[in-house]
Amino acid sequence: MKRIAVAAALALPVLLAAMPGQAQAPPPAEAAKPADAGTPAEPDAGKPAEAANAGEETKPAPAEAQPAENKPGDAPPPADAATPAEAAAPAAPSGPPPDLAYGAFQRGYYLKALEEATKRVVSDKDPAAMTLIAQLYANGLGVPPDPVKAAQWYSEAAERGDRNAMFAYGMAKLLGKTVPKDEPGGMLLLNRAAELGVPEAAYNLGIIALRTTNGPPDYATAYKRFSQAALANNGDALYSLGVLTKEGKGVTADKKKAADYFLASANANNIDGMVEYGIALFNGEGVPRDQEMAADWFERAALRGSPIARNRLARMYAAGMGLAPNPVLACMWHLLAKAAGLEDKQLDEYVARQTPEVRAAAIQGARFYGM
C-alpha cells in the first residue's frame, strides 16, 4: 500500500496509508473483523517464522548492536500468493447466493467483476459492490485508471455504510488529491472505519496522533490506536507498539513486552520488526541474548532489502561474533548497505584491507542481490 511520510516525534514508520486505490489490487471486500482480545497475543519466544513480504523502509536501529558473522542462510521461501478458493455452492437452495463479483475479482476477471458489481448496484444499491467498482477504477483493473471516478464510488459506498469505503474516502479527503482536501471530514471517516474494524484506519489514526503540527504528540492515543490495529495482526502497528513500549511513550517502558511486540511484528513479515527483534536478541534486551538467532533475523530482513540489517550482518561476518568469520559475505553485505545509502567507515576500511579476490567475489555477490 502506498504511503506518505508524516512528521512524528519517534523514529516510527511514520506512514500514512494512501487510499486503497493506490494499492496493487487489494480486495475491497469487508476487512476481517479483529478479534475481541484487548491486546495482541503474546508471541512465542525466539523462533522466527518464515517471512514472505518484501520490505518497507526501516528506521535506523540503535547503535548498540556490534554484530558478528556467519554465512547468510538460504532466503526463506516466500509464501505462495493465496489462491482464491472456488465459491462454495449454497448448502441449500435457501442459502445466500455466491458473491460472483468478488469471486471474479479474486480470479483476475476484472471485467466480469465490474459487470456483476454493476448489476448489484442497479438492483440493490449494494455498497460493497460500489467499493469493488471503486477499486477497479482506482487501480485500472479491466478499465482505464480513473482516481476521480474511484473517489466518487468510494464516497457513495461510504455514505451507505461500507467501512472499507469510509477508510478509502477518508484518506482521499486527508490527501486532497482526487477530492477537495477536508481534514475534519477525513478524520471523521477514519474514526468511523476504525471503530468498525478496519485496522489500516486505526493504524493511520495512531500515526496522525504522533504528528507535531497541532501540538505535542499524543502518545496515549497513538498507543490505543496501534493496539486496535494490532488485533488484526497488523505488522506496522505491532512494530510501533514495540517502539512506544521500549521508549515508555504512552505506556510504561517494558523491554520484555517491547521485544514481544517486535517478534509479533517480525512474524507478521514486518522488516522493521525483524531488525528490532534481531537487535534485542543481539544485545539481550528483554530476551535472552542469542547472537546466532539475531543473525538469522538480520539475514531475513537483509534479504528483503533492509540496509540496517545488511549493515548489521556485515559487521557480524567481519567480527566473527557468534558466527564464523566470512570476509566475502562481510564485504558483500556492506556494499549492499552502502549502495542503499548507509555509510560505515569502519567497514570501508575493512573492505580495503581484503585481497582483490575477496573484493571481486563480494562485488559479484552484491550484484546477484541487485547492487
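Student: What percentage of the 371 residues in the protein do buried residues make up?

Tutor: The model is a predicted one. A residue counts as buried when its relative accessible area is under 20%. Of the 371 residues in the protein, the share that is buried comes to 49%.

Student: How many helices and how many strands does the protein have?

Tutor: Helices and strands are taken here as DSSP runs. Counted in this way, the protein has two strands, and its helices number 16.

Student: What share of the contacts with a separation of 6 or more is accounted for by residues 24 or more positions apart?

Tutor: A contact here means heavy atoms within 4.5 Å. Among the contacts in the protein with a separation of 6 or more, residues 24 or more positions apart account for 62%.

Student: Is α5 roughly parallel or roughly antiparallel to α6?

Tutor: Helix α5 covers residues 163-175, and its axis comes within 8 Å of the axis of α6. The two axes cross at roughly 155°. Angles over 145 degrees count as roughly antiparallel. Therefore the relation of α5 to α6 is roughly antiparallel.

Student: How many residues of the contact of α5 with α6 are charged?

Tutor: The crossing of these two helices, α5 and α6, is left-handed. On the α5 side the contact includes Arg163, Phe167 and Lys173, and on the α6 side it includes Glu183, Leu190 and Arg192. The residues of this contact divide into nine nonpolar and three polar, while the charged ones number four.

Student: Which term describes the packing of α6 relative to α7?

Tutor: Helix α6 spans residues 183-195 and helix α7 spans residues 199-209, and their axes lie 8 Å apart. The angle between them is about 130°.

Student: How many nonpolar residues are in the contact of α6 with α7?

Tutor: The crossing of α6 and α7 is left-handed. In α6, the residues that meet α7 include Met187, Leu190 and Ala194, and their partners in α7 include Ala201, Leu205 and Ile208. The contact has no charged residues and two polar ones, and its nonpolar residues number eight.

Student: Why is the pair of phenylalanine 105 and tyrosine 110 edge-to-face?

Tutor: The structure holds seven aromatic pairs. In the pair of phenylalanine 105 and tyrosine 110, the ring centres are 5.7 Å apart. Planes over 60 degrees apart count as edge-to-face. The pair meets this criterion because its planes stand at 65°.

Student: Which residue forms one aromatic cluster together with Phe105 and Tyr110?

Tutor: Phenylalanine 105 is buried, at 4% relative accessibility. Tyrosine 110 has a relative accessible area of 23%, so it is partly exposed. The aromatic cluster that holds Phe105 and Tyr110 also contains Tyr102.

Student: How many residues apart in sequence are the parts tied together by tyrosine 239 and phenylalanine 262?

Tutor: The ring centres of tyrosine 239 and phenylalanine 262 are 5.9 Å apart and their planes are at 45°, so the pair is tilted. Both residues, tyrosine 239 and phenylalanine 262, are buried. Tyrosine 239 belongs to helix α9 (residues 235-247) and phenylalanine 262 to helix α10 (residues 255-267), so the pair joins parts whose separation in sequence is 23 residues.

Student: What is the phi of lysine 125?

Tutor: Most residues other than glycine have a negative phi. Lysine 125 sits in the loop between α2 (110-124) and α3 (127-139). With 44% relative accessibility, lysine 125 is partly exposed. Although lysine 125 is not a glycine, its phi is positive, at about 55°.

Student: Where does asparagine 233 lie?

Tutor: Asparagine 233 is not a glycine, yet it has a positive phi of about 60°. Its relative accessibility is 47%, so asparagine 233 counts as partly exposed. Asparagine 233 is placed in the loop between α8 (219-230) and α9.

Student: What distance separates the C-alpha atoms of isoleucine 308 and leucine 342?

Tutor: Isoleucine 308 is in helix α13 (residues 307-319). At 6% relative accessibility, isoleucine 308 is buried. Along the chain, isoleucine 308 and leucine 342 are 34 residues apart, and the separation of their C-alpha atoms is 7.4 Å.

Terms used
Residues are numbered from 1 along each chain as its sequence is written. This is a predicted model: local features need pLDDT of at least 70, side-chain atom pairs count only at pLDDT 80 or more; totals for chains, interfaces and linings use all residues. Side-chain values use heavy atoms; hydrogens and water are left out. Axes are lines fitted to C-alpha atoms, for helices over the stretch in contact, and angles run from 0 to 180 degrees between N-to-C directions. Helices (H or I, at least four residues) and strands (E, at least two) are DSSP runs, numbered from the N terminus. A crossing is left-handed if the near helix is turned anticlockwise from the far one by less than a right angle, and right-handed if clockwise. Ala, Val, Leu, Ile, Met, Phe, Trp, Tyr, Cys and Pro count as nonpolar, Asp, Glu, Lys and Arg as charged, and the others, Gly among them, as polar. Rings of Phe, Tyr and Trp (its six-membered ring) pair if their centres lie within 6.5 Å; planes under 30 degrees apart count as stacked, over 60 as edge-to-face and the rest as tilted. Buried means under 20% relative accessible area, exposed over 50%, partly exposed in between (1.4 Å probe, protein chains only). Angles under 35 degrees count as roughly parallel, over 145 as roughly antiparallel, 65 to 115 as roughly perpendicular and the rest as oblique.
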